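Q: I have a structure open and want to learn how to read its packing. Where do we start?

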Amino acid sequence: MSTAGRAAADDDEELERLRAGVRDLRARARVRPLIAQAQGIVQERYALPDGESAFALMQRASQRYNVKLRTLAGVLVPAPRPDGPDTLWFPRRVRGPEPDLTFTRAHRSGSGSRGAVLKAVLSSTLAVVGTDMGNVQLTDLARGGLSIEQHTGLTADFVDFFAHVGEEGTSCAQAARDVAQVTVRDVESDPVFTEPARRAILAAGSRACHSVPLTSASGLCVGMSRPTWSGPSTG
């Protein structure tokens, strides 16, 4: 490789390192206010001496139950305030056997965790529609909107941009609002996207997508499955 070629390669490597650093900073900035809010709630609820003690308690719970800290914070913040200091914050639950979810049989990893189930949902969805790009989002109880929980075949910049989406400007937002599938046959021309969202999707090589709501038994949207294709959809 020539000197100029090596210099260009070094520049590309440095640029990607800087981009990764920016993505990491943005990810931290998105989750920090939520964790800080949960930290204050835990400190008040358990009469802890300081925020560090509350954070340590949250960390222990996160590790003990194998739940991401941001997920734990997302549950704590919207939880109803108990009536008094001696009232249970969360009602005791009797854990029953896991349901036999047929779509997870081919993807069993020995874990019945939320992450394992969502990974199986994504794998099964992509296999059915015949693509290797997509993501699964869940509703964000603390902030509203949707947050990416599982993804495959997507660029780091795409995942960073759409880590959390609000109630407007994307096909997923419309599908969640209407609780109905939204099919985008050509991202470049579909009016459902804001221009920044459109540019981010096209830059990731995505040209078409389905946004399919995941609903509860009562019809409430609890998440979104979003397979995507590298070419415009003709189906």
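A: Start with one term: contact means heavy atoms within 4.5 Å. Keep in mind that this is a predicted model.

Q: What covers the buried residues of H4?
A: The cover includes strand S1 (133-139), strand S2 (146-152) and strand S6 (221-229). The buried residues of H4 are Ala116, Leu118, Ala120, Val121, Leu122, Ser124 and Leu126.

Q: How many residues does H4 have, and how far does H4 reach?
A: H4 spans residues 114-129, 16 residues in total. From first C-alpha to last, H4 reaches 23 Å, close to the 22 Å expected. Gly130 follows H4, with a positive phi near 75°.

Q: Is Gln137 buried or exposed?
A: Buried means under 20% relative accessible area. Gln137 has 3%, so Gln137 is buried. Gln137 sits in strand S1. Beyond its neighbours within four places in sequence, Gln137 contacts Leu146, Ser147, Ile148, Glu149, Val165, Cys172, Gly223 and Met224.

Q: How many aromatic pairs are there?
A: The count is 2. In the pair Phe158 and Phe162, the ring centres are 4.7 Å apart and the planes meet at 45°, so this pair is tilted. Phe161 and Phe162 form an edge-to-face pair, with 4.8 Å between centres and 65° between planes.

Q: Which residues form the aromatic cluster?
A: Phe158, Phe161 and Phe162 form one cluster.

Q: Is Phe161 buried or partly exposed?
A: Phe161 is partly exposed, at 38% relative accessibility. Phe158 is buried at 3%, and Phe162 is buried at 7%.

Terms used. Residues are numbered from 1 along each chain as its sequence is written. This is a predicted model: local features need pLDDT of at least 70, side-chain atom pairs count only at pLDDT 80 or more; totals for chains, interfaces and linings use all residues. Side-chain values use heavy atoms; hydrogens and water are left out. Helices (H or I, at least four residues) and strands (E, at least two) are DSSP runs, numbered from the N terminus. The expected span of a helix is 1.5 Å times one less than its number of residues. Buried means under 20% relative accessible area, exposed over 50%, partly exposed in between (1.4 Å probe, protein chains only). Rings of Phe, Tyr and Trp (its six-membered ring) pair if their centres lie within 6.5 Å; planes under 30 degrees apart count as stacked, over 60 as edge-to-face and the rest as tilted.
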